[in-house]
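Please look over the sequence and the model below before reading on.

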Amino acid sequence: MNAGPESLARALVCIECSCAHSLDYRLECTRCRGLLEVHYDLDTLRRRGPSLFAGHGLWRYAPVLPISDPAHRVSLGEGGTPLLDCPRLARHLGVQRLLVKFDGTNPTGTVKDRTSATAVGAALHFGFTATSVVSTGNAGSSIAAYSARAGLRAFIFAYERASAPKLLHMSATASDLVLYKGVYDDLIGLWDRLVDERLFFDCGASRNAYKQEGKKTLAWEIAEQTGWRPPDVVVAPVAVGEVFIACARGFREMRDAGFIERMPTMVAAQAARANPIARAWREGTDLTPQKIGYTVAEGLAAGNPGRKGEWVLRLLREHEGLAGDAEDEEILAAQRLLAHTEGIWAGPTGSGSLAVLTRLLANRRLDPGQTIAVIVSETGLKTEAELPPRTGVAFDDESLRRFVVERLRA
């Protein structure tokens, strides 16, 4: 657990009717049932500036996170992930400057650790003894790990087709691991009813404002790592929409508190096989849920993002953002390209944002003269993929030297 500066969180505010609520455990507005977001003391933030922040990692930004008691700031060393300048990949794509925010270096290998820290911290704060999440893989392994770290029981409902490394991780850390049939959308509605009965703490992506806040530190880190001059464009992966919403809120907070002069253009990146937000944005229509099947980008497999999806769509339209999608083949190609050009081994879920960026550039929807940051949300070490051939070669001194020389000349 981490000590550190006090939280400046002051209220939960409805995104629909602006009704303010105290910082209790609630998942929707008591007046209109709208979603809630945490509001902070921006006057103090503006007055004191970056001197408010201390330490490193996610809890460096404790003043703009909602966990007030340092004893509840659960940590496995998350946050502080690299923002990598990628010149070879930029040249390949024809852009002036490309940055990759690689969250695969987090403790469980994904961006989910940011929200697990604040979700499990909030569970402790509100006195829960058990947490739960419905997951396609990454969220399950992360919530299980952070719950174990905090000494809480974790009911993890995991996608039966999740990759083997993710299942191994969950089985090792979760107190209660249950595999479900079908896809995420098939179970989440039933699970939400148990959340409403308060049988466990809601660590899902649909409604919990406390959980969502952890991913906001992505935006704070990107801004601080660029000297408070954020990129022109930030591409974020989108399933239900937590990363996108949290980053948009983080950049808005920084602008309103005077840390940055402008917000980046936000791009929502989806898998083509689970693209209700991108489709609605492109067609200028309301959000319509879709029945989805399997996609290699397991973490993007949500056909019904619900009210969070509507929130993403609203932010896209209010702030003139962009949305796009990519086919599985494009996602796997982006995964290989990122590894080959920059040595970054990301999973398909994490590579989806790069695949969408590639397509938007090809379609001339983005200015290649801008500085673009891509959020790559997971390591490739959790990927289950076909192995290269295992046929070995026997060498002697002469044949080894000949082999190397011929390859160097090729």
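In α9, the residues E242, F244, I245, A248 and R249 meet K308, W311, V312, L315 and L316 of α11, where contact means heavy atoms within 4.5 Å. The residues of this contact divide into 7 nonpolar, no polar and 3 charged, with Ala, Val, Leu, Ile, Met, Phe, Trp, Tyr, Cys and Pro counted as nonpolar, Asp, Glu, Lys and Arg as charged, and the others, Gly among them, as polar. This is a predicted model, in which local features need pLDDT of at least 70 and side-chain atom pairs count only at pLDDT 80 or more, while totals for chains, interfaces and linings use all residues. Residues are numbered from 1 along each chain as its sequence is written, and side-chain values use heavy atoms, with hydrogens and water left out.

**Helix packing**
- The axes of α9 (residues 242–256) and α11 come within 9 Å and cross at roughly 45 degrees, and this makes α9 oblique to α11, given that angles under 35 degrees count as roughly parallel, over 145 as roughly antiparallel, 65 to 115 as roughly perpendicular and the rest as oblique.
- Helices here are DSSP runs of H or I with at least four residues, and strands are runs of E with at least two, numbered from the N terminus.

**Around T285**
- T285 is placed in the loop between α10 (276–283) and α11 (306–318), and with a relative accessible area of 32% T285 is partly exposed; buried means under 20%, exposed over 50% and partly exposed in between, using a 1.4 Å probe and protein chains only.
- Not counting residues up to four places away in sequence, T285 touches A280, L313 and R317.
- The buried residues of α10 are P276, I277, A278, A280 and W281, and what covers them includes β11 (265–271), α11 and β12 (322–326).

**Aromatic rings**
- The count comes to 16 aromatic pairs, where rings of Phe, Tyr and Trp (its six-membered ring) pair if their centres lie within 6.5 Å, and planes under 30 degrees apart count as stacked, over 60 as edge-to-face and the rest as tilted.
- Y25 and F126 form a tilted pair, 5.7 Å centre to centre with 40 degrees between the planes, and this pair links parts of the chain 101 residues apart.
- Y25 is buried, with a relative accessible area of 7%, whereas F126 counts as partly exposed at 24% relative accessibility.
- Ring pairs link Y25, F126, F128, F201 and Y210 into a cluster.

Definitions and conventions. Axes are lines fitted to C-alpha atoms, for helices over the stretch in contact, and angles run from 0 to 180 degrees between N-to-C directions.
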